Amino acid sequence: MIGKERVLDILKNVISLSNADQTEALFMGDESHLTGFANNYIHRNVGGKDCSLSVRVAIGKNVGSAMVNSFSEEVVKKVVHDAILIAKNQRENLDFVSFAKPEQRKDRDFFVEATANCTPELRAEYVSKILSKTKAKGFIGSGKFETNALEVGVANSLGVERYTKLTISTLKSVVLTDTSSGYSEYSSVDVNKIPLDDIIRESVKVAEKSQNPVSIEPGKYEVILTPYALAELIGSLCYIALNARAMNEGMSFLIGQIGKKVLGESITMLDDGLSQETISLPFDFEGVPKKKVMFFDKGVAKGVVYDTLTAYKEGKKSTGHSLPQPNPYSPYPMNLIMEGGESSREKMISHVEKGLYVQRFWYTNPMDPRNTVITGMTRDGLFLIENGKITKPVKNMRFVESIATALNNVLELSKERKIIYDMASVTVPYARIKDFTFTGKTEF
Amino acid sequence: MQEIVESALFAAKKAGASYVDIRSIQREEEDITTKNGAVDAIKRTSSKGFGVRVIANGGWGFSSSFIATPEEGERVANEAVQIALASSKTKLEDAKMSDFKVHQDRVPQPVKIDPFEVPVTKKIMILLEADKAMNVQGIIVRKSSMHFSKEWKTFASSEGAYIEQERIVSGAGISVVATDGKEMQVRSYPGSFGGDYQRKGFEFVEELDLVSHGKEIAEQSIKLLSAKQCPSGTMDIVLGGSQMALQIHESVGHPTELDRVLGEEASFAGTSFLTADKLGTFRYGSDIMNITADATIPEALGGFAYDDEGVKAKRVYLVKDGIFVGYLNSRETAAKLGLEVMGAMRADNWNKMPIIRMTSINLEPGDKTFDELIKGVDHGILMETNKSWSIDQNRLNFQFGTEIGWEIKNGKIQEMVKNPTYTGITYEFWRKCDGIANKDFWHVWGVPNCGKGEPIQVMQVSHGTAPARFRDIKVGVLK
């Protein structure tokens, strides 16, 4: 971490060295540490620091970019030179209008010193507590404890100048028995807010209760999805539907549907990078402040996210959802929040006559993005619910389901929600969904 | 570099490390993409840095930095030892590595045409010509891309290894999206997700001849919109080469990784059904199934001269005559099972600790022609080019979808079908393999995006394969 003053100096230097029509500079620095554990001991324990300086220039509609992981004067001159040379050899991109224009807003950091300064010894201490529990039970502990500190600065020749710091800590526990596994995970900007005891309790309990699973036949089942499982489905929607690129490329199921009711009445979903219920940068990688974007309001499709290029193309304003450019996945919702309901996990279970409780989905992949059809496996805890009670663990199963159909079949949502962070943040409740389709099963 | 190596090795040993290695990489990359007749992005990236891996008090530690100075080498080495000592607080036994022959070597990679010497304008011209060839009515997205990288890697260890090796990679591909307003269909050449990649120079892009395949994939994607749905049921399938590559990747490559088998990836990637008791006895597939891990294939994306522990590249069998006979391993995991180390430890960059990765995992050629594979099918589907993939964390239940398929009836390829999918249990599926095309149909496919590990690492691997036939497979499971 080199700090705001130094980062902005580097960015301003880039801009002063460029004679292109427009110049944009993005600096990202990180110090990351991850303590990985498996087989009841720490087996992979890593740390390091890196940075990147990306320069994008526009000469007319010719855009070129170059990136380097250094910021010495000599290297900065070369990266500016390279970007300009590329732009000069470029052909016109007719969709390009401009880099981002400055917008006034005071940014706030999501940065906690305790996370940035977390030591290998402290991470080992947390992990030891998990492992002492798994060893006492005769189980096997695995997982990771990750603490990262990032700093991001963006400036351009139009007057954009932004800097922020962010910390993220994630503790994940996957507990194995001879015949089952259990899972729990929590992410926070503040390492001191990681609920270690809750994570141990949940992962050990699920592993314990899911021992000796039985095999059941695939088919349609009512399901209760934990936030981990629901986040896997909603996270896919971010890629295949909720962004301007998916709309432009014919992939999104929202094409021609904005303003229409496409999901169930209980579904309200938005992207809000300023919410307390997410982990976020206050602006995107073009320096545009994050805007609140409503995707679904009581099931009615409202909109998608934009970066500068896709916004100009449609005569709109960027919503502040650019990834580091150029990027084939941009724009992207980084802070999806789904509103909860009035129910609870326990109430939902009591309302199921026959169904499945899904702790987690795994290896999901869109099969038919236009119809939001996705497949994947259950993992780390699958249970049969009969007459309002969890009765037995079940061997893992494959599902094939349309996410839109599932979100039309929601029967209940919990008040409780969880932030699931995996490069992007998805905040979701528990959900009870009818007629969820399982098509296959596996041996464990 | 020599100064940093010496500084890091000395500092780590002084701080108490019983083993140290240091690996530095300097890498240049160039990515060019065009979309719908215009250049979408051109990006040049250069990065350099080093990572230090140590064992101290029996625990592992790794630290890295982008600041390439002897002073930083010393700081990073000390941090790696501090991290290793923290690891050792939970150790059940001291980390141990198998013995091997230590090497000093310098291995440049000769190419016919250095891709970084080819003007950007020429690359753009090829991509836009391919784009033009794909410009058929009904296509809404046309994409073309090229990727080039060149790296110089230095590896040194406290055991006396000092290896420098060069790696040059070229890759390219084209794809289209067609829509009728209700559904979308995609087609790609030569494979999906960026095309094909090899450790070659710009000559590889020229060999791919993107331009002359543009019209064909565009027309196929349009035709797919009105094609009939792939039928459902149990039937024979013939998989084209690029789909076979992914089938091998997911259902043979990953389950044979010994770190997964030993539970070291349980937190993320998962474990494996190929437990140690199965080694040498388990029937993985039919008698004609022979799988090698071969890092020595000169142009294969998964190949190299030495892995990231300094082990010289090898060719070993993973499956021989249908029987499971070998794992992908590391010095540490090989020692745990008393196996010979085969050299599969790789890191995707200087800032990552090596983990067990695929090299080039190949299905050895069979004895049939492609026509003979088709002729042997009364009713089935020919499937080509991966569209979707999913497999459970023990690598048993898989499901794949492909971009395109054709019905096979009475030994002849018939009507095109859309949205083909098939599913199965890994070993049951491979036991049903009764035909593999011969070496004339064999190609090493580059897979540049294999994700594994925490922190996640994206590795370049490859799969040599020819089309193959499987009997009585569950087909058409798309809802």
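Which residue in β20(B) is the bridge partner of B:Phe400? It is B:Tyr422.

Some ground rules before going on. This is a predicted model, where local features need pLDDT of at least 70 and side-chain atom pairs count only at pLDDT 80 or more, while totals for chains, interfaces and linings use all residues. Residues are numbered from 1 along each chain as its sequence is written, with chains lettered from A and ligands numbered from 1 in the order in which they are written.

Back to the strand. Helices (H or I, at least four residues) and strands (E, at least two) are DSSP runs, numbered from the N terminus. Strand β20 of chain B covers residues 421-425. Five of its five residues are buried, so the rest of the structure largely encloses it. Buried here means 20 or more other C-beta atoms within 10 Å of the residue's own, with C-beta atoms placed from the backbone. In a regular strand, side chains alternate between the two faces of the sheet.

Now its neighbours. Strands pair if DSSP finds at least two bridges between them. Strand β18 (residues 397-409) of chain B runs antiparallel to β20(B), with five bridges. Strand β24 (residues 468-475) of chain B also pairs with β20(B) in the antiparallel sense, over two bridges. There, B:Thr423 has B:Lys474 as its bridge partner.

From β24(B), step across to β10(B). Six bridges join these two, again antiparallel. B:Leu239 partners B:Ala468 in β24(B). Strand β10 (residues 233-239) of chain B is mostly covered, with five of seven residues buried. β10(B) also pairs with strand β17 (residues 379-391) of chain B, in the parallel sense, over four bridges. B:Ile237 meets B:Ile381 there as bridge partner.

Next, the chain interface. Contact means C-beta atoms, placed from the backbone, within 7 Å. Chain A puts in 75 residues and chain B 66. On the chain A side, strand β2 (residues 41-59) gives the most, eleven residues. That side has 30 nonpolar, 29 polar and 16 charged residues. Nonpolar is Ala, Val, Leu, Ile, Met, Phe, Trp, Tyr, Cys and Pro; charged is Asp, Glu, Lys and Arg; the others, Gly among them, are polar.

Strands also pair between chains. Strand β3 (residues 62-68) of chain A and strand β2 (residues 38-56) of chain B run parallel over four bridges. In β2(B), B:Thr45 is the bridge partner of A:Met67.

Terms used: Two residues are in contact if their C-beta atoms, placed from the backbone, lie within 7 Å. A residue is buried if 20 or more other C-beta atoms lie within 10 Å of its own, exposed if 12 or fewer, and partly exposed in between; C-beta atoms are placed from the backbone.
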